[in-house]
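Work through these exercises with the model open. Each task is followed by a stepwise solution.

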Amino acid sequence: MSETVHEVHLHDPQTLYRHWEESQWSPWDVDLSTDREQWETMDDRSLVSFILGSLMVAEERITTKFSGLVGADGSEEEVAASELAVGDLIRIRPGDNVAADGVIVSGQGSFNQATITGESLPADKKTGDEVFAGTQNLTGVLEIKVSRAGTDTTLGRVRELILAAEKTKLPLMKIVDQYMGFYTPLVLVIGALVWAFTHDLNRVIAVFVVSCPCAFILATPTAMVAALSAAARLGILIKNVADIELAARINAFVFDKTGTLTTGQLAVSRLAPAGEIKPAELLRLAASAEKYSNHPTAKALAQLADEAGVPLVEPRDFSEAAGRGVKAQVNGSTVLVGRAQWLKENGVTEDFLKSVDLNETEGWSLIFVARDHRCVGWVGLQDKTRAEARESLAGLKENGVRRVAMISGDRQAVVTRVAAEIGCEEAKGDCLPQNKVEFVRSVKAKGYRVAVVGDGVNDAPALAAGDIGIAMGAAGSEVAIHTATIALMNNDLRRLPFLIKLSRSTRAVINQNFLFGLLFIVVGLTVTSLGYIGPIPAAILHNVGSLIVIFNSARLVRKGEELEHFHLEPVEPPRAAPGQLTPKMA
């Protein structure tokens with residue numbers, strides 16, 4: 001007998017409300033923010049040292065200081081991660097960070113690999129699969145044979161790649177600095193000539209007053225300060241002021257996927273109940289059974305249930321098979337939540353896969369729910385794209401960016417799907433950090449000026465390799481932020497087209513200021529040399545010229561007023577009812 005399948009697409013969460021009596025939809029916003037640090041001006045050598053120091057701190061945070069070394073007799077000893085050697089056998093428990101690259105020799109579990117590969121969904125690993133240092137084991141106890149340790153690990157190579165990339169872009173001395181040394185002798189020669197031909201001391205004084213290059217000197221810094229103020233107001237922190245001018249010449253953007261073009265948070269996108277089951281009932285069963293699981297799918301279910309006001313039931317006899325599913329008693333019924341194969345192994349014999357119209361290879365994570373050995377529906381989860389991503393990429397193209405590409409450590413099918421959703425014409429998946437650096441270098445080799453946008457540790461080398469590195473500051477890692485020269489503190493991708501516009505406006509204002517300053521000096525020297533104005537009018541005109549440059553630059557402060565200002569204000573989530581899970585944002 002065929003069953004009726006009711007699908008709920010969670011683009012409008014209020015759809016769920018209509019299926020649950022006496023429930024209230026009460027979404028709450030969580031402020032994703034990082035501590036705002038003061039950006040200090042430093043040369044490239046100091047910057048390299050600072051970046052490497054930050055990376056060492058990050059390595060300490062995401063790799064364990066101690067690891068369980070397993071002896072030949074099966075005994076376990078805690079040793080420092082730095083003391084591990086190739087061939088050692090280490091034991092990893094749920095919640096542990098992997099201390100070294102290696103191969104699983106026993107056990108299975110789910111790993112969060114976002115720091116290394118950028119993969120948005122947890123990766124299920126079994127015996128024979130490779131794991132990377134810095135990744136986190138979410139479920140299961142495993143024994144891993146070390147294949148690379150210390151600086152030879154994938155994470156250790158990130159540090160070397162940053163150093164190599166930074167060495168390739170040491171700046172040259174400013175052209176203006178090279179020629180300013182000739183200006184003072186030139187003015188003295190002009191003053192001497194005026195004295196030689198006129199013997200008029202007032203003319204000489206007027207020449208010296210009007211030739212003081214204040215307007216010329218103020219041309220760049222006033223525009224830069226105004227541009228920095230406009231950018232900071234919108235949550236764009238620029239560490240290297242030279243990049244304001246450089247951004248005007250950027251004609252290629254390379255984006256990371258996870259956490260940059262997508263939110264980086266696993267979320268429930270589809271509820272597909274079977275038979276007479278309501279969507280909210282399906283959610284209640286799944287979230288209640290998963291209540292004590294540490295898997296990201298459990299957290300996503302709990303968060304949706306909390307937002308939709310669906311009350312959870314206290315599960316009994318809870319058990320979890322690492323990376324496969326959970327089993328619990330909910331309201332006296334046996335509830336299974338997990339992979340399709342796991343449900344079949346636990347006595348669910350019906351053909352429940354026929355109702356599935358999603359492809360897991362395209363980035364969907366599917367879990368099935370059974371009650372008393374009968375499938376009652378399935379849940380689809382995915383890493384959602386940012387709402388403003390398509391608009392932002394279109395804005396970049398409108399501003400003359402000729403090439404927009406997306407690179408990610410995620411599977412190619414997932415990257416292709418995301419690219420189609422946001423209108424990105426070029427997408428490349430299965431990329432490790434060194435592959436991203438090679439891609440950026442290949443784009444630069446074709447004559448493009450490249451801006452790289454990323455957020456994770458695995459993006460740091462590519463950020464350093466680009467002409468400009470832009471870090472998604474609110475969700476970005478400390479290493480990525482310090483490697484980049486520009487940080488988006490509020491993760492709003494619409495700031496990128498604005499940055500290009502602001503850069504071009506800044507360059508135009510600087511050129512206007514330079515032209516005015518140059519004309520002012522030439523005209524001033526001419527009229528003072530000919531005796532048309534004396535020292536006092538020359539001093540007044542000198543100050544007027546400086547004010548004109550300052551006010552012209554001040555026009556940049558009002559740029560971006562049409563966009564929402566950035567406010568770093570923490571939002572307190574509502575307190576959950578007793579016994580109800582509260583979603584936590586990492």
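**Exercise 1.** Find how β11 joins strand β23, and in which direction they run.

Solution. Three bridges join β11 to β23 (residues 486-488), and the two strands run antiparallel. Two strands pair if DSSP finds at least two bridges between them. L237 stands opposite A487 in β23. Helices (H or I, at least four residues) and strands (E, at least two) are DSSP runs, numbered from the N terminus.

This is a predicted model: local features need pLDDT of at least 70, side-chain atom pairs count only at pLDDT 80 or more, and totals for chains, interfaces and linings use all residues. Residues are numbered from 1 along each chain as its sequence is written, and side-chain values use heavy atoms, without hydrogens and water.

**Exercise 2.** Which side of α18 (residues 535-554) is buried?

Solution. List the buried residues (under 20% relative accessible area, 1.4 Å probe, protein chains only; exposed is over 50%, partly exposed in between). They are A538, H542, G545, S546, V549, N552 and S553. Their arc, taken from the directions from the helix axis to the C-beta atoms, is only 130°, which puts them on the same side of α18. On the other side, I536, I540 and F551 are exposed. Finally, identify the cover: it includes α5 (201-210), α6 (214-233) and α17 (495-529).

Note on methods:
Contact = heavy atoms within 4.5 Å.
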